[in-house]
Each structure stands twice: as C-alpha cells, then as structure tokens.
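Here are some notes to read alongside the structure. Have it open and follow the points in order.

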Amino acid sequence: KRKRNAEEFQLLETRVREFDGKGITCFSELPLTKQTAAGLHKAHFKTLTDIQRKAIPLALKGRDVLGAAKTGSGKTLAFLVPVLEVLYRKKWTTMDGLGALIISPTRELAAQIFDVLRKIGREHAFSAGLVTGGKKLKDEQEALHRMNIVVCTPGRMLQHMDQTVGLMLDNVQLLVLDEADRILDMGFGKTLDAIIENLPRERQTLLFSATQTKCVTDLARLGLKDAEYVAVHEAA
Ligand code: ADP
Ligand code: MG
C-alpha cells in the first residue's frame, strides 16, 4: 500500500511538472488527485470557467497568482482546487497543523467558501474550519489547533493571532485573499498587514479580486513574489 502511494505521488508530481495548461477546457484534463477529481465530479463541476482555466494551472505549479474577474466568474474554485492539491502534494496531515489560510472580507462570503470547500474536499482527509467570530472565542481557539485549512475574516483572524496561545503559523504554505479589493475598501489594510507579518515569507500567495487592481504598493505589502497576473476581460 505504501509503495503504491509513493508511486502515485511520483506520478502526480510528474504530471504537474509536465503540464502546460494550454487549451484545456475540463477539470478532468488537470493533473489532480483522485480525491479532488471525485469531489468536483460529485458537485457536478465539469467545464472550467475562464478564470479557472487561467489561474489553476499556474497555482498548481506553486506560482503566486493575482486573479481578476468579475463576480460570478468562478473565483472560489480557482483557489480552492490549488489549496487542496498543493497541501496534498506536500503530504499534509492533521499533524502538520495550519497549512492554508483563506481570508475573505465578510462572514457570509467566508461561509460560502467553506461550503464549496466541504463539497469538493469531501474525499480529502484535511480538517477545515471557519474562523469568523460566529462561535465563542474559546470554542474557535480549541478548534483552530486541529485545523489544516482555515477560512476566516481579517479581524477575527488577527484576534486569534493576538490571543490564541500556541497558535502555530510557521507552517502556513498558502495564503489566499479573496475579494482583496473589498478587503482593502472595507478598511482592513492594517489588519491584513499585521496578519501577513505573522506568516512565513516562504509561502504561496493567491490573490483574487473583482476589479483589476494592479496597484504596485498594495501588492508589495501582500508579499507576492513574481506573481502571474491573470484577468478575464469582460464588461464588468
Ligand atoms: P466569484 O467568486 O467569481 O463571484 P463563484 O466562485 O462564487 O464566483 O462562482 C459563481 C457561481 O458559479 C457559483 O454558483 C458556482 O457554483 C458556479 N461555478 C463556479 N465554477 C463553475 C464551473 N466550473 N462550472 C459550473 N459552475 C461553476
Ligand atoms: Mg467570490
């Protein structure tokens, strides 16, 4: 069993390395784990949207991505699929702690992301949780220690960084900022800076927004490294 797993990991690594992402239309053409493929299939996702077609291949290869596409274009899967895949390929287990932090401007949007994560991640063994202040701080604090993937709002996450004893952020591999433009518009810039200050520099960052904000100073603060800018140009 272990040997077969090792072979499967190797095969997947090779498929990702050799994948160029050109001309694909379906999720089934991506080099994905069978777990994610099954999750997508059960949720009836087959064809990639434009932003998914552009962003997922880059993110699967570990690149930082700056994605812009209007509301309703499918940005959620554009980052959730890479989050699951990258952690899996890093052989992430419950023991490894927090591996991915997904920041959303509001509780409602965070809850929507979490629902999609639960659907497409159902075949994976990762533990995931919502950290948006919907529960008592103490309950969230206890749950946080067991989470591999956290979907959070900026204020509540920073509160945990300040108050949750033993919160381990040194292992975070991926940072996702969804609706980054809105996070900044809502005045969370300073909060975001403080969160990012607590994260390791060696990580992958995926940033999505509905508008084409390419403001260099804003991006610098987010610590994107040689990010690929992908935008879907449609009348928004
Ligand atoms: P955005 O974040 O860009 O506003 P969402 O990720 O919320 O968009 O997706 C908008 C809608 O499109 C959702 O109902 C979602 O289920 C659906 N959707 C996303 N990707 C696909 C896809 N590849 N195929 C079919 N429907 C999709
Ligand atoms: Mg969205």
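1. Ground rules. This is a predicted model, so to speak a computed one: local features need pLDDT of at least 70, side-chain atom pairs count only at pLDDT 80 or more, and totals for chains, interfaces and linings use all residues. Residues are numbered from 1 along each chain as its sequence is written, while chains are lettered from A and ligands numbered from 1 in the order in which they are written.

2. Helix 3 with helix 4. Two packed helices are described by the angle between their axes and the distance between the axes. Take helix 3 (residues 50-60) and helix 4 (residues 75-89): the angle is about 20° and the axes are 9 Å apart. Helices here are DSSP runs of H or I with at least four residues, strands are runs of E with at least two, and both are numbered from the N terminus. Axes are lines fitted to C-alpha atoms, for helices over the stretch in contact, and angles run from 0 to 180 degrees between N-to-C directions. Helix 3 and helix 4 are therefore roughly parallel to each other (angles under 35 degrees count as roughly parallel, over 145 as roughly antiparallel, 65 to 115 as roughly perpendicular and the rest as oblique). Their crossing is right-handed; that word applies if the near helix is turned clockwise from the far one by less than a right angle, and left-handed applies if anticlockwise.

3. Who meets whom in that pair? From helix 3 come I51, Q52, A55, I56, A59 and L60, and they meet K75, L77, A78, V81, P82 and E85 of helix 4. By class, this contact of helix 3 with helix 4 has 9 nonpolar, 1 polar and 2 charged residues. Contact means C-beta atoms, placed from the backbone, within 7 Å. As for the classes, Ala, Val, Leu, Ile, Met, Phe, Trp, Tyr, Cys and Pro count as nonpolar, Asp, Glu, Lys and Arg as charged, and the others, Gly among them, as polar.

4. Helix 4 with helix 5. Helix 4 has another partner to look at in helix 5 (residues 107-120): the axes come within 10 Å and cross at roughly 50°. The two are therefore oblique to each other, and the crossing is right-handed. T76, L77 and L80 of helix 4 make the contact with I113, V116, L117 and I120 of helix 5. Those residues divide into 6 nonpolar, 1 polar and no charged.

5. Helix 7 with helix 9. Now go to helix 7 (residues 154-163) and helix 9 (residues 189-197), whose axes come within 9 Å and cross at roughly 40°. That makes helix 7 oblique to helix 9, and this crossing is left-handed. P154, G155, M157, L158 and M161 in helix 7 meet T191, L192, A194 and I195 in helix 9. The tally here is 7 nonpolar, 2 polar and no charged.

6. The core. Which residues touch the most other members of the largest nonpolar core? They are V83, V150, V151 and V176, out of 61 residues. The largest share, 10 residues, comes from helix 4. Such a core is a set of buried Ala, Val, Leu, Ile, Met, Phe, Trp, Tyr and Cys residues joined through C-beta atoms within 7 Å. Leaving out residues up to four places away in sequence, V83 touches A100, I149, L174 and V176.

7. I149 lies in strand 4 (residues 149-152) and is buried, with 24 other C-beta atoms within 10 Å. (Buried needs 20 or more such atoms, exposed 12 or fewer, and partly exposed is in between; C-beta atoms are placed from the backbone.) Not counting residues up to four places away, I149 touches V83, G99, A100, L117, F126 and A128. I149 and L117 are 32 residues apart along the chain, with their C-alpha atoms separated by 9.5 Å. L101, found in strand 2, also counts as buried, with 25 C-beta neighbours inside 10 Å. Beyond four places in sequence, L101 is in contact with V150, C152, V172 and L175.

8. Two positive phi values. K91 has phi near 60°, positive in a residue other than glycine, and sits in the loop between helix 4 and strand 2 (100-103). Is K91 buried or exposed? Exposed: K91 has 9 other C-beta atoms within 10 Å. E179 has phi near 55°, again positive in a residue other than glycine, and lies in the loop between strand 5 (174-177) and helix 8 (180-185). E179 counts as buried, with 22 C-beta neighbours inside 10 Å.

How values were computed: Contact = placed C-beta atoms within 7 Å.
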